[in-house]
Amino acid sequence: MIEAFNTIILILDSTVRLSVPLLLACLAGLYSERAGVFDIGLEGKMLAGAFAGAAAASVYGSAWIGLVAAILVSIALSLVHGFASITHRGNQIVSGVAINFIAAGSTIILGQAWFRQGGRTPPLGSDGSRFETINLPFADSINGIPVLGPIYSELLSGHSILVYVAFAAVPLTWWVLFRTRFGLRLRAVGENPAAVDTAGISVVWLRYRAVICCGILCGLAGAYLSVAQNAGFVKDMTAGKGFIALAALIFAKWKPINAMYACLLFGFLDAIAIRFSGIKIPGLFEIPAQFMQALPYILTVILLAGFIGKAIPPKAGGQPYVKER
Amino acid sequence: MAEYAIELAGINKSFGPVKANRDINLQIKQGTIHGIIGENGAGKSTLMSILYGFYQADSGEISIDGKNTKINSSNDAIALGIGMVHQHFMLVENFTVLENIILGAEDSQLLSGSISKARSELVRLEKEYELNVDPDAIIEELPVGIQQRVEILKALYRGAEILILDEPTGVLTPSEADHLFRILEQLKEQGKTIVLITHKLREIMAVTDEVSVMRQGTIVATRKTDKTSVEELAELMVGRRVLLRVEKGDPNPGEIKLAVQNLTVRDSRGIDMVKNVSLDVRAGEIVGIAGVAGNGQSQLIEAITGIRPAKEGRVLLDGEPIDVTGQADPAMLRKRGLAHVPEDRHHMGLVLAFEEAENSILGYHDDPSYLSGPMLNIEAIRNDARDKIEKYDIRPANCRLKTANFSGGNQQKIVLAREMETDPSVLIVGQPTRGVDVGAIEFIHKRIIEMRDAGKAVLLVSVELDEIRSLADRIIVMFDGKVVGECGPEATEGELGLLMAGVTNDKIEAAE
């Protein structure tokens, strides 16, 4: 009984850890897509951010410098996407795909050129070059209390700062979108940019601000992967998380709170896959590890195949704004 | 306060080689309703866009309330007290009324203050102008007439003293339009200046104090409305005399050519758009279907012409059933003598990137007279197109020109020529004069009546009530997918308007 409970706590604990990069990327996409700029390049921005974060953290020996580097690089790629798709009204999908390719290729080349470890960055240690876990007050002392103790000390306590940032970003995003002027305009520009334009607001500047928000969050996601969850950059370490985040965004119908639940669901499946890979069902057969690992992706396909009902994207999404009269 | 709210002097604006506005001089008095009328492409919208800061004039001066100003953006225009109600509403459809009203006019970074201020301001504006709107309603759930009111409120909330309305009645029922005109009168009494852009002469006569007529980028005349007439304005617009109401003799109905029986059509969203509709069209008569856009007319035509399968019901063409619930397809129906001029010529009637000659045989391209063996006979096709160009006065008379380069009226004539010249027994015409200028309207109307007189059965669908009334021999009104009434061409606009709003005789009696 107690063992089962502890297993559940452990799975939920790793669910939280695994859903953080998805959540940050999903919120990143939310800002961009709510403003009418589709962003298939979440994956690339996250990967570039992860690389820049790990590289800077190992060179300067500071996780915080790594975080800043991750965010700056990710914003830079966001601006490239903005320049192509907002200023020059290019195809947003093509631009996003290009960013994914640039990130996948350049992180390996630069990693090999700078560190000569086969595309990896040097391992980050306990010298402050990696985000340490934070133990909430009294976490150790109340661990012995049944049920509540482990929930507090294992599930809520003992994560890196970026985990708390990610979950704090959910209500913050909701507040920004639905309670501030910027949010009102951002949602409006994704629905009907002409209405924003005729109200005397710059569509271009508004969309640029949205993709910058997207860049910041993707940078956070990348830094979490390489500087907090892992200790260094490994090539292709995002492994499709940017795309799963996009799926979660559609599943969440572009709403922040839903996005959190969607990402937790995907994270949970990931945690299950890790915990139960290769588990034997007594007397029957062994569930292949590959099947468990494929679960999140299978869920993505099922959800996107219309299982979720009608998800209505922002009306002006994907279309460059051309002032016409 | 200066005598004139708006003074424009020597405004010029070119787009490449096209002169959209040439040396425009215009003075609009404070507290009046000033109409600007002209055909499509006459430069009305360009001129108003310059006034609202969308475009900058190449040369010329703008004075607002007696002060010489530069308007470089919509922001400048709003600051000068100019508000605009666009033809296509500039509303965010999934926002509430309040959110739309404060968008761009928020007081601070946080919304809560702006929203409560807008709410109380809205109550005041509603009282003052009798513009009743629920502030918390979602835009897409409101009828278009109310959406337009939101646009007006948006402008008033920003402190507009000058209100420009661009083709405001295009989407309204006659009674909604009348309500709008009452609102405009009210605004005028409060001292606002109103500029009304339209191509509908009736509206100009109904509400304006003065009217300016535009033709080919210039203002050709400005008149006091009570000192001019519809005929004079039409002549000024087109540059020659036009017949506003086509002359036609009495119909000579023969046998039933097209019979629709209990037709129900479901659209792609799974909603029944046409509900149990029955109607007959006889040879030698024009049956008009009136109704506000979106009440099932489009789906009805699509089902009859085989574009969209019907859910249930029967359609008989020349007494022979056609399988509208299954196998009917447009090519087959065309061969059986059913010609179709689609409502939306860009979407369904033409391929704009094709040459005129190619479009003039589209859908009839497997007719042996256009073929030589398996190949198209280009020479025959072009000769045929040249004949049609001459007969239908299509300009420019060049069958090798890309169709996108023809004006709306000439594009429509290309479609009409193609469909009418095949000598069909039934002709279905959707919105024949949408986006077509006055001169071409006259021509198209004459052609449709000629088809009738040649013994064809014509089914006409139009949202233009004037058009239905002047062409149709019998009028069927559709509302919410159902036929709600049938009347003769002598029916008044008021009677039709009530039917179009879904008020049937029983309902009137019940209310009494």
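In strand 7 of chain B, B:Met84 has B:Ile164 as its bridge partner. Helices (H or I, at least four residues) and strands (E, at least two) are DSSP runs, numbered from the N terminus. The model is predicted: local features need pLDDT of at least 70, side-chain atom pairs count only at pLDDT 80 or more, and totals for chains, interfaces and linings use all residues. Residues are numbered from 1 along each chain as its sequence is written, while chains are lettered from A and ligands numbered from 1 in the order in which they are written.

Strand 6 (residues 82-85) and strand 7 of chain B run parallel and are joined by four bridges. B:Val85 stands opposite B:Leu165 of strand 7 of chain B. B:Leu165 also has a bridge partner in strand 8 of chain B, B:Leu196. Five bridges link strand 7 to strand 8 (residues 193-198) of chain B, again in parallel.

Strand 7 (residues 162-166) of chain B is mostly covered, with five of its five residues buried. A residue is buried if 20 or more other C-beta atoms, placed from the backbone, lie within 10 Å of its own. In a regular strand, side chains alternate between the two faces of the sheet. On one side of strand 7 of chain B are B:Ile162, B:Ile164 and B:Asp166; on the other are B:Leu163 and B:Leu165.

The open sheet of chain B has six strands in the order 6-7-8-3-9-10, with mixed pairing. Two strands pair if DSSP finds at least two bridges between them. Strand 6 and strand 10 (218-224) of chain B are the edge strands, each pairing on one side only. Neighbouring strands of this sheet are turned by 20° against each other on average, direction ignored. Axes are lines fitted to C-alpha atoms, for helices over the stretch in contact, and angles run from 0 to 180 degrees between N-to-C directions.

Helix 1 (residues 44-51) of chain B lies across strands including strand 3 (33-38) and strand 9 (210-215), at about 150° to strand 7 of chain B. Helix 6 of chain B packs on the sheet and touches strand 3, strand 7 and strand 8.

Chain B has 22 residues in contact with 17 residues of chain A; contact requires C-beta atoms, placed from the backbone, within 7 Å. Helix 2 (74-79) of chain B is one of the elements supplying at least two residues. Helix 2 of chain B gives the most to this side, three residues.

Technical notes: A residue is buried if 20 or more other C-beta atoms lie within 10 Å of its own, exposed if 12 or fewer, and partly exposed in between; C-beta atoms are placed from the backbone. Two residues are in contact if their C-beta atoms, placed from the backbone, lie within 7 Å.
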